[in-house]
Amino acid sequence: MPAIFSKLDKIRPIYDWTYKIVLVICKLLLIADICITSFSVLGRYVPFIPDPSWSEEVVLTLMSYMAVLSAALAIRRGAHIRMTAFDAYLPRKVLQALDLLADVCVMVLGIIMLVYGWNYTTTLGSRGTYVSMPWLSRFWMYFPIPLAGVAMIIFEIERLYNDIKSFFVKEGEQ
């Protein structure tokens with residue numbers, strides 16, 4: 001194995017650490033979603049529990065964070081839906097090149113999400129407020145897009161590295 005790959009493999013714990021942090025954030029968001037939804041439902045049917053007017057907007061915002069962050073997590077695991085019907089018929093190098101091309105395209109999407117998402121979040125998103133919480137900026141409603149862009153870029157850097165490494169290192173040498 002070329003020496004550069006053994007040196008670059010030492011930063012893998014940083015990707016593992018980032019993955020675990022994003023996963024914990026997703027779990028906390030899910031717990032908050034469940035708690036707020038349960039409280040809201042109880043508030044509708046139990047007379048002495050108040051039904052907060054803000055619950056629906058907060059739950060939807062938390063869901064949008066979970067959706068895009070969990071999609072970024074799926075990038076690292078390679079768990080996205082893929083077309084693999086022809087993989088058995090293509091030469092290994094062609095398959096590796098197609099994986100590299102797909103990961104470059106996803107990286108470009110992550111950069112677009114970061115740049116345009118941040119622009120939209122800080123301009124239009126920061127001008128409005130939530131209907132049920134006029135003191136809270138809609139910035140937080142649109143912020144999941146650039147945040148997911150950052151997570152996608154981080155995980156795509158690792159995927160691209162692994163794609164490039166696969167051209168130089170055989171399966172058993174890793």
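How are α3 and α6 oriented to each other, roughly parallel or roughly antiparallel? They are roughly parallel to each other, on a scale where angles under 35 degrees count as roughly parallel, over 145 as roughly antiparallel, 65 to 115 as roughly perpendicular and the rest as oblique. This is a predicted model, where local features need pLDDT of at least 70 and side-chain atom pairs count only at pLDDT 80 or more, while totals for chains, interfaces and linings use all residues. Residues are numbered from 1 along each chain as its sequence is written, and side-chain values use heavy atoms, with hydrogens and water left out.

**Confidence**
- Mean pLDDT for the chain is 89, with 97% of residues at 70 or more; pLDDT is the predictor's confidence in each residue, from 0 to 100.
- Helices here are DSSP runs (H or I, at least four residues), numbered from the N terminus.

**The α3/α6 pair**
- The axes of α3 (residues 55-77) and α6 (residues 144-168) come within 8 Å and cross at roughly 5°. Those axes are lines fitted to C-alpha atoms over the stretch in contact, and angles run from 0 to 180 degrees between N-to-C directions.
- On the α3 side, the residues that meet α6 include Tyr65, Val68, Leu69, Ala72 and Leu73; their α6 partners include Leu147, Ala148, Ala151 and Phe155. Contact means heavy atoms within 4.5 Å.
- By class, this contact has 13 nonpolar, one polar and five charged residues. Ala, Val, Leu, Ile, Met, Phe, Trp, Tyr, Cys and Pro count as nonpolar, Asp, Glu, Lys and Arg as charged, and the others, Gly among them, as polar.

**The nonpolar core**
- The largest nonpolar core has 24 residues, and Leu29, Leu69, Leu73 and Phe155 touch the most other members. Such a core is a set of buried Ala, Val, Leu, Ile, Met, Phe, Trp, Tyr and Cys residues joined through side-chain atoms within 4.5 Å.
- α2 (12-45), α3 and α6 each supply at least two residues of this core, and α3 gives the most, with 10.
- Setting aside neighbours within four places in sequence, Leu69 contacts Val22, Ile25, Cys26, Leu29, Leu147, Ala148 and Ala151.

- Thr61, in α3, is buried at 9% relative accessible area; buried means under 20%, exposed over 50%, partly exposed in between (1.4 Å probe, protein chains only). Beyond neighbours within four places in sequence, Thr61 contacts Tyr130, Trp140 and Met141.
- Asp103, in α4 (residues 92-127), is buried at 7%. Not counting residues up to four places away in sequence, Asp103 touches Glu156, Arg159, Leu160 and Asp163.
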